[in-house]
Amino acid sequence: MSQDVTNCPRCDRRTPAARGQCIYCGETLPFSRIQAVPPQRNIDSFEPAFNTVLEPGQSRPSESVTAALGAALKIEPPEAQAFIDAGKPLPLARSQTRQEADMISALVRTCGLRATVIPDEDLRLTTELLRARRITLEANQAQVHHQGGDLIIPLPEIKLLVLGMLKNSRIDYTERVARGESSIVMDTSEFVADEALMDVYTGELNRSFRIKSDAFDYSGLVSPMSVRAEANFKAAVGALSSAASDAKLDKDFARLRSLLARAWPERTRNEARGVKRSGIALRHISQASLLSDNRDQFDRYSRLMFLWSK
């Protein structure tokens with residue numbers, strides 16, 4: 001029998017061993033090793049899960065190590081090399097059970113690399129950062145005006161700045177619905193919006209904050225201001241990173257998005273907008289939207305970088 005499939009000791013049904021638990025009765029499976037990482041399952045962002053994270057190495061590994069990682073993840077060698085060359089912790093899988101995550105971590109170690117398991121709860125995603133509205137710099141400190149008041153942060157307390165880009169898309173479509181017939185798409189329209197943002201971390205989340213480019217007053221950081229929001233945001237990032245000179249500026253989210261999507265994909269959902277009658281024949285027309293965004297992906301990346309920096 002393959003190590004990737006086992007019979008459940010309770011119900012005797014065959015189950016992928018990497019799941020850690022029987023998919024039929026929930027019994028814990030006895031296998032502790034796997035030969036390849038199982039396909040990623042769609043786990044909702046709010047469900048507690050466990051992230052197997054590839055740790056950055058100190059030196060460039062051999063081609064055999066890259067080939068072994070590619071075989072374990074069932075990906076091509078160039079993609080496996082990209083994970084290794086990233087030079088920072090990256091999620092390889094998000095699992096429903098700790099046992100599954102531990103087995104994936106052990107498999108990665110057999111490839112000659114290091115991996116660790118980080119539970120979702122350690123990322124503290126339910127703890128939102130303060131939303132900065134305006135920032136002024138004076139006397140080696142930052143005064144952060146946010147939705148709940150003001151916060152004074154000495155600049156040496158700022159340890160990490162994580163840049164990102166939120167991408168939101170909406171596809172509206174209408175379908176003709178007829179009893180006994182397949183639905184026919186009649187019309188579609190697509191809307192896309194991008195928003196730059198930056199998470200600014202001190203050593204504590206309750207003294208850290210987020211700047212969103214479309215909801216920020218730049219007058220305290222930028223002079224003279226541009227008529228273009230993206231130019232003001234770039235200038236504000238430069239001013240804050242220059243003032244907090246000991247802080248690390250992480251600008252890698254954009255280039256790593258395709259790798260992050262393996263474990264932390266963009267979130268997509270359908271939203272029904274009702275049914276109406278249209279046309280001379282008064283046919284039933286259904287209206288719906290397909291919404292997608294990468295906020296959960298960025299939130300997880302940002303918190304992982306914060307956790308790793310501590």
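Residues are numbered from 1 along each chain as its sequence is written, and side-chain values use heavy atoms, with hydrogens and water left out. As the model is predicted, local features need pLDDT of at least 70 and side-chain atom pairs count only at pLDDT 80 or more, while totals for chains, interfaces and linings use all residues.

Across the whole structure, four aromatic pairs are found (rings of Phe, Tyr and Trp, the last by its six-membered ring, with centres within 6.5 Å; planes under 30 degrees apart count as stacked, over 60 as edge-to-face and the rest as tilted). Y201 and F306 are stacked, because their ring centres lie 4.6 Å apart and their planes meet at 20°. This pair links strand 10 to helix 7 across 105 residues (helices are DSSP runs of H or I with at least four residues, strands runs of E with at least two, numbered from the N terminus). Both Y201 and F306 are buried (under 20% relative accessible area, with a 1.4 Å probe and protein chains only).

F253 and F298 are edge-to-face, since their centres are 5.1 Å apart and their planes at 80°. Here helix 6 (residues 253–260) is linked to helix 7, 45 residues apart. F253 is buried at 1% relative accessibility, and F298 is buried at 0%. Together with Y301, these two residues form one aromatic cluster.

Elsewhere, strand 7 (residues 141–146) and strand 8 (residues 149–154) run antiparallel, joined by six bridges (strands pair if DSSP finds at least two bridges between them). A hairpin of two residues connects them, and H146 has G149 as its bridge partner.

How values were computed:
Buried < 20%, exposed > 50% of the residue type's maximum accessible area, 1.4 Å probe, protein only.
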